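Hi,

Here is the structure I promised to pass on.

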Amino acid sequence: MYLQKNAVKGYNSYIDSSKDDYGTMMDVGLLILEKGDDFTFSDAESEAAFLLFSGKVCFKWADREQECSRKNEFEEEAWCLHVCRGTDVTVTAAEKSELYVQTTKNERSFESKLYSPSDVIVQHAGNKGELFGCMRREIKTFFDYDNAPYSNMVLGEVLNFPGKWSSYPPHHHPQPEVYFHRFDKPQGFGVSFAGGEIFKSGHNGLTVITSGFHSQGAAPGYAMCYVWGIRHLDGNPWKKTRIDDKEHAWLWEADANEHIFKEV
């Protein structure tokens, strides 16, 4: 499934679990604030994550506050506030700001954490000449089962270079996942494979993945940064789970480049 919106000022809901969670067990939205705007969040049953795409905001939570800024997703690392259920959060914008919001039910109590740019775990993938660099990307993780086993969610970003692929070779896992797409230009686009379907992905679009193999690509000339959010299953958390498509497993072999025709 793919959801595309013309996002406007305020909270733009993409997935509202009170109506239909599309099998994700999460709520997902895009928050757009103008200078001076406030947004308040409180949920007695759900943990929540607020990921700053761009702008400057002040987060206030649990008797703490922190001003955070980010030029954009492509030039600077992110700030991400992750709070426990029942935590009041206020986001105040010092300039126009855009944030990704993801929540899910969680009965556990834990200490809320603000992940700073220096906390982001960055993995450079596909950068050793595999498939001639066609799947080169940067995988960024804020929190997952390794550093936040108390959470029911995983959250990160992928920086997809223009004309390249990511989440590749095609793979799947039983835990539901969402991809929230952002492009360095609003007319940017790419392709999203999910659940046996193919979608044209655009700026502020959301791919919903509940089954089947998935992978992504960005059109030449357009850089794509997409949020990846996973919901753990009860008794079966996502522990970097990756089940490759056997048909394409040969792409991992050291000599995978050898079959590609040579320029003459």
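Let me start with a question: is Asp144 buried or exposed? Asp144 is buried, with a relative accessible area of 5%. (Buried means under 20% relative accessible area, exposed over 50%, and partly exposed in between, with a 1.4 Å probe and protein chains only.)

Before you go further, some ground rules. This is a predicted model, where local features need pLDDT of at least 70 and side-chain atom pairs count only at pLDDT 80 or more, while totals for chains, interfaces and linings use all residues. Residues are numbered from 1 along each chain as its sequence is written, and side-chain values use heavy atoms, with hydrogens and water left out.

Now the sheet. Seven strands make an open sheet, and their order is β1-β18-β15-β20-β13-β12-β11, with antiparallel pairing. Strands here are DSSP runs (E, at least two residues; helices would be H or I, at least four), numbered from the N terminus, and two strands pair if DSSP finds at least two bridges between them. At the edges you'll find β1 (2-4) and β11 (121-125), each pairing on one side only. From one strand to the next, the twist averages 20 degrees; the axes behind that are lines fitted to C-alpha atoms (for helices, over the stretch in contact), and angles run from 0 to 180 degrees between N-to-C directions.

I'd look at β13 next. Eight of its eight residues are buried, and both faces are covered: Met153, Leu155, Glu157 and Leu159 sit on one side, with Val154, Gly156, Val158 and Asn160 on the other. Strand β12 (residues 137-143) pairs with β13 (residues 153-160) in the antiparallel sense over six bridges. Within that pairing, Glu138 stands opposite Leu159, and Lys140 has Glu157 as its bridge partner. Eight bridges join β13 to β20, again running antiparallel, and there Met153 is partnered with Arg231.

On to charges. Side chains of opposite charge can pair when their charged atoms come close. The structure holds 10 salt bridges, where a salt bridge is a side-chain nitrogen of Lys or Arg within 4 Å of a carboxyl oxygen of Asp or Glu. These are some of them:

- Arg182 and Glu98 meet at 2.7 Å, N to O. Arg182 lies in strand β15 (residues 177-183) and Glu98 in strand β9 (residues 97-105), so the pair ties together parts that are 84 residues apart in sequence. Both Arg182 and Glu98 are buried, and together with Glu73 they are linked in a network of salt bridges.
- Glu138 and Lys140 meet at 3.8 Å, N to O, and both are buried.
- Lys240 bridges to Asp144, with the closest N and O atoms 2.8 Å apart. This pair links distant parts of the chain: Lys240 is in the loop between β20 (224-231) and β21 (243-244), and Asp144 is in the loop between β12 and β13, 96 residues apart.

One last stop is Phe41, in strand β4 (residues 38-41). Phe41 is buried, with a relative accessible area of 13%. What does Phe41 contact, leaving aside its neighbours within four places in sequence? The list is Ala48, Phe50, Thr87, Asp88, Val89 and Thr103, where contact means heavy atoms within 4.5 Å. As for Ala7, it is 34 residues from Phe41 in sequence and 19 Å away in space, C-alpha to C-alpha.

Over to you!
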